[in-house]
Amino acid sequence: IYVIAVRHPARVAHSLRSRDSFPMYAGVLLWQAYTLSILRDLPPASKRCFIIYEEILSNPPRGWDALLHFLRDDCQLSGVSMPEDGVRSNIVNRNLSHSMLYSTLKAPELDTGQAALFHYLSEAAIAGDLIRDVPALEAIYPGWREYLLLWERVRIFSKDNLGKNIR
């Protein structure tokens, strides 16, 4: 069973900027890499639910209801119940949402693939669709394999050269 929180790439970028002083474009690229990795690595027959992160924060009853419906009905976990308000507020820490503080910053532009990927995930979350058969990533984001391959190479290069003077 997989529950995947869907966040807009600009909100992720704003959050990383406020928390870690990341450049905005780097935050979007990090969102892209992690999101593509999640979709690539999901087992084909797994049950999955996409939840909009901001929905859990801004409209907790609706966000929690979607998750509860998924667990009870789609995963046949009949003993699952809605946590009490106090417990829910301890699970979802609103102070971790750094992006809310920087809502006046200009949102970074998304490329066509990033926009298509976010649109696909947000539509899946809004529809409450389990997406048992995730379409081929090529249909959502052409070039995803090349992007992740490049991402891995950059990570390895950065790790190998951390602390070295590169000219």
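Phe118 sits in helix H6, which spans residues 112–127, in a predicted model where local features need pLDDT of at least 70, side-chain atom pairs count only at pLDDT 80 or more, and totals for chains, interfaces and linings use all residues. Residues are numbered from 1 along each chain as its sequence is written, and side-chain values use heavy atoms, with hydrogens and water left out. Helices (H or I, at least four residues) and strands (E, at least two) are DSSP runs, numbered from the N terminus. Here is a quick tour, grouped by topic.

- Phe118 counts as buried, with a relative accessible area of 19%; buried means under 20% relative accessible area, exposed over 50%, and partly exposed in between, with a 1.4 Å probe and protein chains only.
- Once neighbours within four places in sequence are left aside, Phe118 is in contact with Val6, Arg7, His8, Pro9 and Trp31, where contact means heavy atoms within 4.5 Å.
- Phe118 and Ile140 are 22 residues apart along the chain, and 9.5 Å separates their C-alpha atoms.

**The chain as a whole**

- The chain holds eight helices and two strands.
- Following the sequence, these elements come in the pattern β-α-α-β-α-α-α-α-α-α.
- Of the 167 residues in the chain, 40% are buried.
- Take the contacts between residues at least 6 apart in sequence: 73% of them join residues at least 24 apart.

**H1 against H2**

- Helix H1 (residues 9–20) packs on helix H2 (residues 24–41) at an angle of about 125°, and their axes are 8 Å apart.
- That angle makes H1 oblique to H2; angles under 35 degrees count as roughly parallel, over 145 as roughly antiparallel, 65 to 115 as roughly perpendicular and the rest as oblique.
- For these values, axes are lines fitted to C-alpha atoms, for helices over the stretch in contact, and angles run from 0 to 180 degrees between N-to-C directions.
- H1 and H2 make a right-handed crossing; a crossing is left-handed if the near helix is turned anticlockwise from the far one by less than a right angle, and right-handed if clockwise.
- On the H1 side, Pro9, Val12, Ala13, His14, Leu16 and Arg17 take part, and they meet Met24, Gly27, Val28, Leu30 and Trp31 of H2.
- Sorted by class, the contact of H1 with H2 has eight nonpolar, two polar and one charged residues; Ala, Val, Leu, Ile, Met, Phe, Trp, Tyr, Cys and Pro count as nonpolar, Asp, Glu, Lys and Arg as charged, and the others, Gly among them, as polar.

**H2 against H8**

- H2 also packs with H8, at an angle of about 115° and with the axes 10 Å apart.
- The crossing of H2 past H8 is left-handed.
- Leu29, Leu30, Gln32, Ala33, Leu36, Ser37 and Arg40 of H2 make this contact with Trp144, Tyr147, Leu148 and Trp151 of H8.
- The residues in the contact of H2 with H8 are eight nonpolar, two polar and one charged.

**Tyr141, between H7 and H8**

- Tyr141 belongs to the loop between helix H7 (137–140) and helix H8 (144–160).
- Tyr141 is buried, at a relative accessible area of 6%.
- Apart from neighbours within four places in sequence, Tyr141 touches Gln32, Leu36, Asp111, Gly113, Gln114 and Leu117.
- Between Tyr141 and Leu36 there are 8.9 Å in space, C-alpha to C-alpha, although they lie 105 residues apart in sequence.

**Two loop residues with positive phi**

- As background, most residues other than glycine have a negative phi.
- Ser21 is in the loop between H1 and H2, and its phi is near 60°, a positive value in a residue other than glycine.
- Ser21 is exposed, with a relative accessible area of 64%.
- Gln76, in the loop between helix H4 (60–74) and helix H5 (85–91), likewise has a positive phi, near 55°.
- Gln76 counts as exposed, at 55% relative accessibility.

**Cysteines**

- The structure has zero disulfides, a disulfide being a pair of cysteine sulfur atoms within 2.5 Å.
- The cysteine sulfur closest to that of Cys49 is in Cys75, 8.1 Å away, so the pair is too far apart for a bond.
- Cys49 is buried, with a relative accessible area of 7%.
- Cys75 is buried too, with a relative accessible area of 10%.
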